[in-house]
Amino acid sequence: INDWYFKATPENAEEWKTAFRLAVINLRKASSAFRFIFNPNGGPGQTGTQDATLFYPGDDYIDLIGIDAYDWWPGYTSNENIAYHRDQPYGWNWWLNFAKQRNKKFCVPEWGIATANPNSGGDNPMYINFVYSWLKENKEWIQMECYFHESDAYIRSDLFTGYNPKASAEYKRWMPLLKKP
């Protein structure tokens with residue numbers, strides 16, 4: 001990630017926001033149907049930035065606010081670890097409140113277990129349950145979520161090919177509970 005040429009860092013924050021705004025302006029010219037998400041990682045950033053709001057391009061350029069959140073550092077394997085991720089600065093509740101303050105819907109465009117990471121919770125149904133319980137608890141503010149289903153060895157978040165039977169069972173348990181009436 002630190003070698004990505006398009007990464008946002010404190011040193012290029014203004015340039016990054018300008019580029020984001022220009023992209024939104026030009027894409028909106030092509031279609032009014034596009035929706036734009038401000039989507040940092042949960043917790044501190046990966047490019048030396050504690051406060052990702054430094055990169056927020058402004059309410060006029062953002063439709064949804066969300067986070068990427070994976071089951072690691074530390075894994076969501078205890079109530080204490082869950083509370084850490086949920087309640088820390090730049091955690092789940094912090095970003096939801098950031099969205100609420102701007103009257104924006106919240107989303108989780110990328111989330112998942114990460115069994116290939118030694119700092120994860122492994123085949124962790126507790127993480128799946130946390131995410132869906134939290135989304136359900138905050139449903140009036142939630143626009144969408146998207147599980148990152150990947151079987152490649154670098155993450156192994158796959159829930160449908162047998163790598164993670166416990167997390168898969170919990171994910172499938174939630175599906176009928178989430179259907180809209």
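Predicted model: local features only at pLDDT ≥ 70, side-chain atom pairs only at ≥ 80, totals over all residues.

User: At roughly what angle do the axes of helix H3 and helix H4 cross?

Analyst: Residues are numbered from 1 along each chain as its sequence is written, and side-chain values use heavy atoms, with hydrogens and water left out. Two packed helices are described by the angle between their axes and the distance between the axes. Here, the axes of H3 (residues 92-101) and H4 (residues 125-137) cross at roughly 20 degrees and come within 12 Å. H3 is therefore roughly parallel to H4 (angles under 35 degrees).

User: Which residues of H3 and H4 meet?

Analyst: From H3, Trp92, Asn93 and Leu96 meet Tyr127, Phe130, Val131 and Trp134 of H4 (contact means heavy atoms within 4.5 Å). Six of the residues in this contact are nonpolar, one is polar and none is charged.

User: Is Gln88 buried or exposed?

Analyst: Buried means under 20% relative accessible area, exposed over 50%, and partly exposed in between, with a 1.4 Å probe and protein chains only. Gln88 has 11% relative accessibility, so Gln88 counts as buried. Gln88 sits in the loop between helix H2 (79-87) and H3. Leaving aside neighbours within four places in sequence, Gln88 is in contact with Gly43, Pro44, Ala83 and Trp94.

User: And Glu11, is that residue buried or exposed?

Analyst: Glu11 counts as exposed because its relative accessibility is 70%. Glu11 lies in the segment before helix H1 (13-30).

Conventions: Axes fitted to C-alpha atoms, helices over the stretch in contact; angles between N-to-C directions. Helix = DSSP H or I, 4+ residues; strand = E, 2+ residues; numbered from the N terminus. Parallel < 35°, antiparallel > 145°, perpendicular 65-115°, else oblique. Nonpolar A, V, L, I, M, F, W, Y, C, P; charged D, E, K, R; others polar.
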